[in-house]
Structure formats: structure tokens, C-alpha cells
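Reader: I have a structure to look at and a list of terms to learn. Could you take me through them?

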Amino acid sequence: MRGRRATALITGLLALLSTAACTDYGGDLSGAGVSGGGDGDTLVVSETAGTPASFLAYGIREGYFEEQGLNVELSPSAGGASVIPALLSGDIDVAGSNAVSALIAMGRRMPIEMIAAGTSTSESPDDDFSSLMVPEDSPITSAADLDGGRVAVNTLQNINDVVIHAVLAEAGLSNDDVSFVEMPFPDMPAAIQRGDVDAGLLIEPFATVGASQGLRPIARPYTAAMPSLQIGTYLMTSDKVGEDPETAAAFRAGVTATAEAIAADPEAFREALPEISELAPELASRMDLPVWRGTTDRASIEMIHATMREIGLTEADLDYEEAVAE
């Protein structure tokens with residue numbers, strides 16, 4: 001291992017992920033660990049709890065950000081739009097979110113830009129790290145059976161709307177035919193089992209946790225929307241990108257180096273997961289991993305934006321060059 005060990009804020013991520021194994025975490029992830037932006041030498045980065053945050057923790061641990069002259073502190077979050085106010089207020093320096101929440105904010109003229117790509121899914125549904133899950137004994141066997149049902153999602157008006165739309169549209173339904181229920185990922189498996197909701201959209205490692213507790217998948221929404229779809233993005237304020245483009249470029253380089261390392265040796269990342277996230281080794285070895293690339297995939301962003309306009313999440317046009325700092 002190279003570089004310094006992950007900072008103390010990673011401990012917050014470890015606690016959240018260890019709690020996920022029993023799926024009874026009841027706290028609010030939206031501001032976990034956020035204590036103000038960096039001091040000039042430190043870059044505070046918020047990323048969605050789960051595998052997305054583990055990606056950053058791995059890059060920090062292996063020294064890929066330090067090689068770019070960055071001291072990155074990781075703050076886990078619930079994802080979605082919850083991190084954007086913290087970014088705009090300066091509580092964090094970089095926000096890991098999903099492309100939908102970012103594009104909604106941009107459509108409302110919030111001064112933010114995509115500086116690097118977050119998680120993407122696989123080309124094959126068999127390796128998709130998302131899973132729309134129901135109890136083993138549920139009468140629901142496909143998306144067509146969700147008409148009138150309640151579907152758990154980690155946050156509202158985000159990538160869930162786009163990818164669930166793809167699954168429902170194939171079954172002749174729309175998002176209006178289901179009710180979305182917001183809850184943190186760690187709470188979803190138990191809520192699905194109890195019947196609080198009819199189904200839930202889980203990502204790894206929570207999908208594998210759910211499967212180990214008797215849930216079964218009925219769809220793989222990310223690849224259903226688009227194979228190799230880029231779901232996540234890292235954001236900075238336009239002011240910070242303009243004032244300090246070198247830091248944005250250095251962070252993107254660190255993300256890209258981490259992505260390339262995991263692509264070259266995914267087993268090393270799997271072996272590190274029990275240490276950086278306190279997942280049980282057998283869970284880390286079985287879960288489907290996301291794909292990371294580092295640089296933004298234009299086809300994904302344009303497809304997501306087109307779907308957002310179709311389902312009414314935004315009326316804004318997309319200026320890709322303005323939205324993405326490269």
C-alpha cells in the first residue's frame with residue numbers, strides 16, 4: 001500500500017457500512033461527518049455511503065489523491081440532492097451525487113459543474129450493481145406487477161426516477177403508476193421484508209445484504225436504462241472551478257487513477273473492502289462491483305437529460321460544455 005492511511009472521517013463510513021449488515025441504521029446520512037469545507041490544504045469530499053464512498057476510500061488509502069497533491073477527507077452522505085446545499089454553502093468542497101440531481105440543480109441555475117465521473121454500471125445486466133428487489137414470497141415477479149405499488153428509493157427526484165422509468169416503460173407503466181418512498185439504503189432490506197414497501201431499489205453492498213436476507217431481484221434498473229450508464233458525478237461550484245482549475249483537474253486525475261487501478265485489479269479492491277468498509281469478506285467477494293472511469297461519459301449525460309425532460313424532471317436545455325469541466 002502506498003500513501004497515507006485514510007483520514008479520520010473515513011471512520012464514519014466504516015460505521016455506516018458495518019451497520020448495513022444488520023440493516024437497522026436509523027440515522028440521517030445526509031450530513032454525516034460534514035464539518036465545513038477544507039482549509040486550503042484539505043479537500044472535503046462528500047460521497048454516497050456504500051460502494052461509491054468505498055471507491056474514494058480506496059483511492060485515498062492507496063495514495064492516488066496524495067500523488068496529485070491533494071489531502072482528501074471523505075464524508076459519507078445519503079446521496080442525491082442533499083449534498084448540493086452543503087457544496088454551495090462551502091461546507092464541503094466536492095459533492096459526489098448522481099447525474100439527475102446535478103442536472104436538476106443546473107437547470108435551476110445553481111452554479112455547479114461536473115468535474116469527474118462517479119460510478120457507472122456494467123455493460124451486462126448480470127453484473128449490474130443495482131437491483132430492484134422484493135421479498136422471496138412476494139407475488140411480484142416483474143415490473144408489470146408494480147402497478148399501484150410502493151417502491152423504496154434512497155432519495156427522491158434523482159437517478160432512481162430515470163432508471164425506474166426505463167424498467168416501468170418496458171412493462172407499459174410510468175412512474176406515476178407507483179409511489180416512491182424515501183429511505184436510507186441500510187434501512188431498505190428490512191422495510192421490504194416487513195412489507196412497508198412492495199419493492200426497493202438497492203445498490204451494492206446493500207443489494208447483496210438484501211439477497212442474503214431473502215430478497216430477490218425482479219430487474220436491474222441501471223443497465224435497463226443504458227448499458228454502461230454513468231450514474232454518479234463529482235461536483236464543484238463554478239466559482240471554485242474558475243478560481244482553481246488545477247484542484248479540479250487534480251481531483252479528476254486522482255479519480256481516474258483510482259478507476260484505472262480497480263479496473264486493472266478488481267480483486268485487490270474486493271480484498272480491501274473488509275478493511276475500508278468493514279464488510280464481511282464473503283460479502284465483499286460476492287457483490288457486483290460498479291465500474292469507474294474518471295472522465296465524464298457524454299452519451300450517458302445526454303441520455304439522462306433527455307429522459308428527465310420526458311418525465312418532467314426538468315425543462316432546461318443541456319449545455320454540455322458549460323455543465324462539464326474537462
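Author: Start with contacts, meaning heavy atoms within 4.5 Å. Among contacts in the chain between residues at least 6 apart in sequence, 80% join residues at least 24 apart. This is a predicted model: local features need pLDDT of at least 70, side-chain atom pairs count only at pLDDT 80 or more, and totals for chains, interfaces and linings use all residues. Residues are numbered from 1 along each chain as its sequence is written, and side-chain values use heavy atoms, with hydrogens and water left out.

Reader: What makes Phe129 count as buried?

Author: Buried means under 20% relative accessible area, exposed over 50%, partly exposed in between (1.4 Å probe, protein chains only). Phe129 has 1% relative accessibility, so Phe129 is buried. Tyr222 has 4%, so Tyr222 is buried too. Buried residues make up 58% of the 326 residues in the chain.

Reader: Why is the pair of Phe129 and Tyr222 called edge-to-face?

Author: Rings of Phe, Tyr and Trp (its six-membered ring) pair if their centres lie within 6.5 Å; planes under 30 degrees apart count as stacked, over 60 as edge-to-face and the rest as tilted. By this rule there are 7 aromatic pairs. The centres of Phe129 and Tyr222 are 5.2 Å apart and the planes stand at 65°, so this pair is edge-to-face. The pair links distant parts of the chain, 93 residues apart: Phe129 is in the loop between β5 and β6, Tyr222 in helix α8. Helices (H or I, at least four residues) and strands (E, at least two) are DSSP runs, numbered from the N terminus.

Reader: How do you know that β7 and β8 pair?

Author: Two strands pair if DSSP finds at least two bridges between them. β7 and β8 have 4 bridges, and they run parallel. Val153 stands opposite Glu182 in β8.

Reader: What makes a unit with β7, helix α5 and β8 right-handed?

Author: Point the strands away from you. A crossover is right-handed if the path from the first strand over the helix to the second then runs clockwise. β7, α5 and β8 make a right-handed β-α-β unit.

Reader: What makes β2 and β4 edge strands?

Author: The open sheet of 5 strands has the order β2-β1-β3-β11-β4, with mixed pairing. β2 and β4 each pair on one side only. Inside that order, 2 bridges join β1 to β3, which run parallel. Ser46 stands opposite Ala95 in β3.
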